Amino acid sequence: QVIKCKAAVMWEANKPFAIEEVEVAPPKAQEVRIKIMATGICRSDDHVITGALVMPFPIILGHEAAGVVESVGQGVTSIKPGDKVIPLFVPQCGECDSCLSTKGNLCSKNDIGTRAGLMPDGTTRFTCKGKAIHHFIGTSTFTEYTVVHESAVAKIDAAAPLEKVCLIGCGFSTGYGAAVQTAKVEPGSTCAVFGLGGVGLSVVMGCKAAGASRIIAVDINSDKFAKAKELGATDCVNPKDFKEPIHQVLIKMTGHGVDYSFEVIGRTETMTAALACCQYNYGVSVIVGVPPAAQNITFDPMLLFTGRTWKGSVFGGWKSKDSVPKLVAEYMKKKFVLDPLITHTLPFTEINEGFDLLRTGK
């Protein structure tokens, strides 16, 4: 039956979240209803609020979470009530071009491209005050209960601490995978990471795990440098400390530019700077941050003609349903840490304070 619960509803852009009572419909065929136990706050959620990522309102945001299955719809075989799970904003249907290719991971059933804000069948499972509320990229985790498609949920180790492994639902996997999967950083290489939020720090961890000998962390907030060093950065650079463009600073520091660079902010200026700072002939630059809506990049094509590679990475290149349980298992075996990425733990009703901490760089 319908569940009534609390959710943080975003009624319109640039307004605070409203904690409302919502009705969550039961799961239809091939769907799963989840009790959300922990959710992270990601800059991509904030991009919707500011309009940098265009989505329909009203909406329940949130896409980085972990929970327990409450009920399943008809035909669901891979998951049962009581299972610990992580919702997947990049689903894995197993049938589309990207799912069938060893090179791809962005399943065609994703709602990042279409931005419809609905379940795959074109309807919503949320109502509030008699109004239909949109879903966010197939997950919507800023609510006590959510409904996702079976292709958009991964069953994980029953012993996993949900308040930690929720980060594997987005931030950690996105950054770590950008280094080890998308860029395929090699031992002894030199890397530059632009942006030291949770995802950027996860890129730093990925570069270190891949054996990079030098990892240059770049951010205009020097408060972030101590943690970057703790996680593996060898150098930290604040562009505000230099008169010359940051790509020139990095080329001087390395002699020829870095082997791999990562843009983990979502700004067009830093995307071109990251491209320009990598080695002119075989450097690889990866765009990890969500690009802002309606902004184009202008750059000198000579940057690419000489041999550089410019790549994008969504969810770290991982095939979500296959990889998330494995990443959780690796966390349980202490192959990587998540604690340093958690700065604050707040009750759900203080979600607006959480976003203030994000926006002030804390």
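Reply: Helices (H or I, at least four residues) and strands (E, at least two) are DSSP runs, numbered from the N terminus. This is a predicted model, in which local features need pLDDT of at least 70 and side-chain atom pairs count only at pLDDT 80 or more, while totals for chains, interfaces and linings use all residues. Residues are numbered from 1 along each chain as its sequence is written, and side-chain values use heavy atoms, with hydrogens and water left out.

Me: OK. Where is Arg115, then?

Reply: Arg115 sits in the loop between helix 2 (97–100) and strand 6 (126–128). Its phi is positive, about 55°, although Arg115 is not a glycine.

Me: Which other non-glycine residue has a positive phi?

Reply: Lys129 does, with a phi of about 50°. Lys129 is in the loop between strand 6 and strand 7 (131–133).

Me: How exposed are those two?

Reply: The cut-offs are under 20% relative accessible area for buried and over 50% for exposed, with partly exposed in between (1.4 Å probe, protein chains only). Arg115 counts as partly exposed because its relative accessibility is 32%. Lys129, at 60%, counts as exposed.

Me: And where is there a cis peptide bond?

Reply: One joins Phe57 and Pro58, with omega about -10°. Pro58 belongs to the loop between helix 1 and strand 4 (65–72).

Me: Tell me about helix 1. Which of its residues are buried?

Reply: Ser44, Asp45, Asp46, His47, Val48 and Ile49 are buried. That is six of the eight residues of helix 1 (residues 43–50), so the helix is largely enclosed by the rest of the structure. Gly51 follows helix 1 and has a positive phi, near 95°.

Me: What do the buried ones pack against?

Reply: They pack against helix 11 (351–359). Contact here means heavy atoms within 4.5 Å. Arg43, Asp45, Asp46 and Ile49 of helix 1 meet Phe355, Leu358 and Arg359 of helix 11.

Me: At what angle do helix 1 and helix 11 cross?

Reply: Roughly 100°, and the two axes come within 11 Å. Axes are lines fitted to C-alpha atoms, for helices over the stretch in contact, and angles run from 0 to 180 degrees between N-to-C directions. Helix 1 and helix 11 are therefore roughly perpendicular to each other; that label covers 65 to 115 degrees, while under 35 counts as roughly parallel, over 145 as roughly antiparallel and the rest as oblique.

Me: Switching to helix 5. How many of its residues are buried?

Reply: Nine of the 12, so helix 5 is largely enclosed by the rest of the structure. The buried ones include Val199, Leu201, Val203 and Met205. Among the elements covering them are helix 4 (171–183), strand 10 (190–194) and helix 6 (225–230). Just after helix 5, Gly211 has a positive phi of about 90°.

Me: How far apart are the ends of helix 5?

Reply: Its end C-alpha atoms are 16 Å apart, which agrees with the 16 Å that 12 residues should span at 1.5 Å a residue. The expected span is 1.5 Å times one less than the number of residues.

Me: How many residues does the largest nonpolar core have?

Reply: It has 81, and Ile168, Val185 and Phe262 have the most contacts inside it. Helix 5 gives the most to this core, with six residues. A nonpolar core is a set of buried Ala, Val, Leu, Ile, Met, Phe, Trp, Tyr and Cys residues joined through side-chain atoms within 4.5 Å.

Me: What does Val185 touch?

Reply: Leaving out residues up to four places away in sequence, Val185 touches Ala179, Cys191, Cys207, Ala210, Ala212, Tyr260 and Phe262. Apart from this core lies another, of 13 residues, among them Val237 and Leu250.

Me: What about the domains? Which residues make up each?

Reply: The assignment gives domain 1 (3–171 + 317–360) and domain 2 (183–312); such bounds come from an automatic or database domain assignment. Their C-alpha centres lie 28 Å apart. The contact takes 11 residues from domain 1 and 13 residues from domain 2.

Me: Last one, Ile246. Buried or exposed?

Reply: Ile246 is buried, with a relative accessible area of 14%. It lies in helix 7 (residues 246–254). Not counting residues up to four places away in sequence, Ile246 touches Phe194, Val218, Val237, Pro239 and Ala273. The C-alpha atoms of Ile246 and Val218 are separated by 8.9 Å, with the two residues 28 apart along the chain.
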